[in-house]
Amino acid sequence: MGTNRDWIAPLTGLAFVVLAIVAFAIGGEPPDVTEDPVEEVVDFYVDNDSAQMFSAGLAAIAGTLFVFFGGYLRKVLRDAEGPGGGFLSAVAFAGVIIFAVGLAIDSTISFALADLQAALAAGELDRSPRTRLVAAGLLAARDAPTARQ
């Protein structure tokens with residue numbers, strides 16, 4: 001058998017899609033912070049803290065796989081551009097990196113929200129205004145892009 005493993009890189013794109021779908025299916029749809037009462041939002045993260053953390057981890061792994069697929073895609077595009085090319089493949093790869101960073105930030109915020117709400121529910125953190133401000137900031141950061149629509 002040959003040692004050609006060029007088929008692995010394209011499969012990272014498929015693995016990304018599968019993991020992203022599973023991550024978003026497990027995470028579910030959080031309540032809308034602009035319409036739902038605060039108690040409902042807090043209850044969602046308290047009741048689903050493990051699912052949110054697992055979903056965030058899967059999404060972060062999916063983002064990493066997407067970067068590897070983007071590297072492969074850049075190689076293919078650069079080869080297709082011919083000599084003197086490379087600009088469009090670099091722009092495409094920059095888009096991949098921006099998307100992966102956004103996914104990583106979203107995963108981090110989701111994980112932090114679930115962890116913070118679980119700690120609040122367990123009584124490990126005080127319910128001081130500072131703690132509530134941190135939770136409100138995390139919620140606002142997570143839902144800011146969707147709230148404008």
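Biologist: What should I know before I start?

Modeller: The model is predicted, so local features need pLDDT of at least 70 and side-chain atom pairs count only at pLDDT 80 or more, while totals for chains, interfaces and linings use all residues. Residues are numbered from 1 along each chain as its sequence is written, and side-chain values use heavy atoms, with hydrogens and water left out.

Biologist: How many helices and strands are in the protein chain?

Modeller: Helices (H or I, at least four residues) and strands (E, at least two) are DSSP runs, numbered from the N terminus. Here you get five helices and zero strands.

Biologist: Which residues of helix α2 are buried?

Modeller: Buried means under 20% relative accessible area, exposed over 50%, partly exposed in between (1.4 Å probe, protein chains only). In α2 (residues 38–47), V41, F44 and Y45 are buried. Seen down the axis of α2, they fall within an arc of 90° (taken from the directions from the helix axis to the C-beta atoms), so they line one face of the helix. E39 and D47, on the other side of α2, are exposed.

Biologist: And S55, is that buried or exposed?

Modeller: S55, in helix α3, counts as buried because its relative accessibility is 9%.

Biologist: Which residues does S55 touch?

Modeller: Contact means heavy atoms within 4.5 Å. Leaving out residues up to four places away in sequence, S55 touches A23, F24, I26 and G27.
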